[in-house]
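Work through the exercises below with the structure open. Each task is followed by a solution in steps.

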Amino acid sequence: MDWILRARLLHTPANPFETAGALQHLEDGAVLVQAGRIAATGPFAEVQRSHPDVPVADRRPGVLLPGFVDTHVHFPQLNIIGAMGYPLLEWLQRFTLPAEARFLNAPYARRAARDFVAALARNGTTTALVFGSHIPAAQEALFAEAARSGLRIISGLALADQGLLPPLHTTPEQGYRDSLELAHRWHGQGRIRYAVTPRFALSASEGMLAVCRRLLDEIPGSWFQTHLNENRDEIAAVARLFPWASDYLHVYEHHGLVRRESVFAHNVHPTDRELDALAQARATVAHCPTSNAFLGSGLFPLRRHVERGVRVALGSDVGAGTGFSLLKEGMMAYKTQMLLPGGYPLRPAHLLYLATKAGAEALGLADEVGDLSPGKAADMVLIAPRPGTTLAVLLDAAEGPDEILGALFALGGEDSVAQVWVAGETVYEREAAA
């Protein structure tokens, strides 16, 4: 059925890091949805005049944004959000790895998959690059739940053969077989795609990294994800493990894993050579500001990435990240750049782009999602805070797009998400207040 959604409308069809006026705003805007796609976007009066018989869903004074795109979030880490007090490597050993080993319990893994996918939808995330479980049956559960949800999920079995806990290890040969079997069942099914996923260089032997390249070459249209330069102790450990490598990225380059389809989480402490190599490959860095702060990893050098032409998008990095909301991640990105000497002065348009269109570009989906232009899939999130909340008061008084977005990123979150659509179908709708 065709329908028109009326609301305040904001999106960034262009890249505000490159183009002035990239942010588009309609105070009384509308999108016409036909067969799950956006057929028209414009002022409500114009859209309705062209389609007078189409039913209207009036969601004013709500704010309509493109669905959020999370480029780095861990499926098995929902239950350790808030595990405080340690930097990355100690945090992994004390909290994360034991929690991930619990996914050997199949009923537990299935419940976790339901909770995880529901949390994405509640926060307005319609597309996510998800770091999977090391346990094949648990990864199967995630794919099954993703298929039921309707979300766009790119994920894969996490691969490691050293440095973690024995239940999380596999061999390169078994990792290849398990990954290929999962990809054959799920890659390209509905909105699911496969991502080859070595945990990080510390947990992957050269044999395992060679398998990752083989998988990436053998699964057409697959993606690649891992971690890079998150923590100085991690970087030093990688240098000891791979003494032949000139830097951390070189380990992945050596195995043919730095390419357009690659997304590297964090990159808080890059060398100039690494930045140039990432830019040349057109790879993406998933910037996870809340996680970087929570683990004390450092302040992300966004200006260096932008000036050297490296793609950057946002990631929540649950569970070191403290929630699924990309509104919160945008706000933390803003704050960290304000704190960083020589940081990049982010405006509201930058934050919206990083949370939406930049992620779509990173995942090869920019022709499908990321903004509200005609022809795109109707992946949308309606932000409508409950009456009487501070955010509702601010939005009521806001004049212009910068004030609207500034309020959303400062105060918005899970509670202010009213409805979420993927391809025009509701995947989440907030319950009415009692």
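**Exercise 1.** At what angle do helix 3 and helix 4 (residues 136-149) pack, and how far apart are their axes? Classify the arrangement.

Solution. The model is predicted.
Step 1: the angle between helix 3 and helix 4 is about 40°, and their axes are 9 Å apart.
Step 2: angles under 35 degrees count as roughly parallel and 65 to 115 as roughly perpendicular, so helix 3 is oblique to helix 4.
Step 3: the crossing of helix 3 past helix 4 is right-handed.
Step 4: helix 3 contributes Ala 109, Arg 110, Ala 113, Arg 114, Phe 116 and Val 117 to the contact, while helix 4 contributes Ala 138, Ala 141, Leu 142, Glu 145, Ala 146 and Ser 149.
Step 5: by type, the residues of this contact are 8 nonpolar, 1 polar and 3 charged.

**Exercise 2.** Which residues touch the most other members of the largest nonpolar core?

Solution.
Step 1: the largest nonpolar core has 117 residues, and those touching the most other members are Leu 65, Phe 75, Phe 116, Tyr 252, Phe 264, Leu 278 and Leu 408.
Step 2: helix 3 (residues 106-122) gives the most to this core, with 9 residues.
Step 3: a separate second core has 16 residues, including Leu 5, Leu 9, Val 31 and Ala 378.

**Exercise 3.** Is Ile 38 buried or exposed?

Solution.
Step 1: Ile 38 is part of strand 3 (residues 37-43).
Step 2: its relative accessibility is 2%, so Ile 38 counts as buried.
Step 3: leaving out residues up to four places away in sequence, Ile 38 has contacts that include Val 31, Leu 32, Leu 372 and Ala 378.

How values were computed: Residues are numbered from 1 along each chain as its sequence is written. This is a predicted model: local features need pLDDT of at least 70, side-chain atom pairs count only at pLDDT 80 or more; totals for chains, interfaces and linings use all residues. Side-chain values use heavy atoms; hydrogens and water are left out. A nonpolar core is a set of buried Ala, Val, Leu, Ile, Met, Phe, Trp, Tyr and Cys residues joined through side-chain atoms within 4.5 Å. Buried means under 20% relative accessible area, exposed over 50%, partly exposed in between (1.4 Å probe, protein chains only). Helices (H or I, at least four residues) and strands (E, at least two) are DSSP runs, numbered from the N terminus. Contact means heavy atoms within 4.5 Å. Axes are lines fitted to C-alpha atoms, for helices over the stretch in contact, and angles run from 0 to 180 degrees between N-to-C directions. Angles under 35 degrees count as roughly parallel, over 145 as roughly antiparallel, 65 to 115 as roughly perpendicular and the rest as oblique. A crossing is left-handed if the near helix is turned anticlockwise from the far one by less than a right angle, and right-handed if clockwise. Ala, Val, Leu, Ile, Met, Phe, Trp, Tyr, Cys and Pro count as nonpolar, Asp, Glu, Lys and Arg as charged, and the others, Gly among them, as polar.
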